[in-house]
Amino acid sequence: MLKFDIHLNLEQFPTSRNSDTNIYSSVDDLAEFIKRNEIGAAVTLYPRDGYHYMEQLAQKTPDVTHYGVQVLMGVDENDATDIKALELDALDNSKMYCKGIKIASHRGWWNRDGEIDSGFDYGKESSKLHKWLKQLPDNSIVSMHMQGDPINNSASIPMTVGMYAYKYPKLKFIMNHMGDYGQGGLSNKPKSYVTQTKDGPNLFPAFRYAHSRALCKAAVEFANIQHNIILDTSVYIPNKSEMLKDCYRWAVGSDYPFCKSDNLFVNEEKKFIRDMGEDLVNRAHANAKWFFDNDYKQLIKKNIALNNFGDLNATTPKRVTQKA
């Protein structure tokens, strides 16, 4: 059975103003990780100007199906991406391993008319993202980070991916982290409804748990109903496996090397097998490869059948042009 990792990181991954943690995996490191975990297909994020690393990885792992996605953001302040002069590898036919783009709300550096800062607001900066999405070839991948922080007016949520996905039906969207990064264990169920802290009773852990469940549930609904959305499971929390039992489109993501473990993918996969059973996990691997290998028209046709929509002979939808 082929194993599919929907979230790998190659070479240096961007930092942010709030996190200067060095996340790095060389070509050799990642090739060894892929072999050790017996991964047969993978979506791999590579640096904005680092397509050659993707070629090197493919050469070292010739039996693996590679879907490379270009990270649009700069690695640090000195490497900030000029938001007006960004060149998309997906438009270069000679770069055969590039299948799309990666955009992140909370990491990566940008140069906006001389102002250097990290992060990208999917809502306030939608006009820029629309500009890039319009240029992408049919069936291109758009990998979008989802943070999960319960912050007012945050656009880093499942609904945002759903909105872009319906406007661009010919593209394929990866909803990273299934809508909730799950950082710091705050997404897990608290031991009690009222948490006692040094400052007194605190209801935030219960609220954060409810928030996480709401995000994961929303993610599953969008993936089940919209033909061009697939979920990335990283990072594992029990909420995810519970809700994925009823999901059509998802894949195990290791997010290596954010956690530097040689067997990270295998360990993540084991958690879902424990919670869901091996058959459902194997089906997810196969479904993920089918999702990325087939034309969007086939995705629409299958989605109509899965959801019992009555328009099997519907014409191909056009990109929606109204304002976000």
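The following dialogue examines how several terms apply to this predicted model.

Mentor: Residues are numbered from 1 along each chain as its sequence is written. In this predicted model, local features need pLDDT of at least 70, side-chain atom pairs count only at pLDDT 80 or more, and totals for chains, interfaces and linings use all residues, while side-chain values use heavy atoms, with hydrogens and water left out.

Trainee: Why is S16 called buried?

Mentor: Buried means under 20% relative accessible area, exposed over 50%, and partly exposed in between (1.4 Å probe, protein chains only). S16 has a relative accessible area of 8%, so S16 is buried. S16 lies in the loop between strand 2 (11–13) and strand 3 (23–25); helices (H or I, at least four residues) and strands (E, at least two) are DSSP runs, numbered from the N terminus.

Trainee: Which residues does S16 touch?

Mentor: Not counting residues up to four places away in sequence, S16 touches H106, R107, W109 and S118, where contact means heavy atoms within 4.5 Å.

Trainee: What makes W110 and F120 a tilted aromatic pair?

Mentor: Rings of Phe, Tyr and Trp (its six-membered ring) pair if their centres lie within 6.5 Å; planes under 30 degrees apart count as stacked, over 60 as edge-to-face and the rest as tilted. W110 and F120 are 5.4 Å apart centre to centre, with 50° between the planes, so the pair is tilted. W110 lies in strand 8 (residues 109–112) and F120 in the loop between strand 9 (115–118) and helix 3 (126–135), so the pair ties together parts that are 10 residues apart in sequence. W110 is buried, at 0% relative accessible area, and F120 is buried, at 1%.

Trainee: What makes the charged end of K302 sit over the ring of W290?

Mentor: A charge sits over a ring if NZ of Lys or CZ of Arg is within 6 Å of the ring centre and within 35 degrees of the ring normal. The charged end of K302 is 4.4 Å from the centre of the W290 ring. The charged end of K172 likewise sits over the ring of F291, 5.7 Å from its centre.

Trainee: How do you know that strand 7 and strand 10 pair?

Mentor: Two strands pair if DSSP finds at least two bridges between them. Strand 7 (residues 98–103) and strand 10 (residues 141–144) have 4 bridges, so they pair, in the parallel sense. In strand 10, I141 is the bridge partner of G100. Both strands belong to an open sheet of 8 strands in the order 1-4-5-7-10-11-14-15.

Trainee: Why are strand 1 and strand 15 called edge strands?

Mentor: Strand 1 (4–9) and strand 15 (250–251) each pair on one side only.
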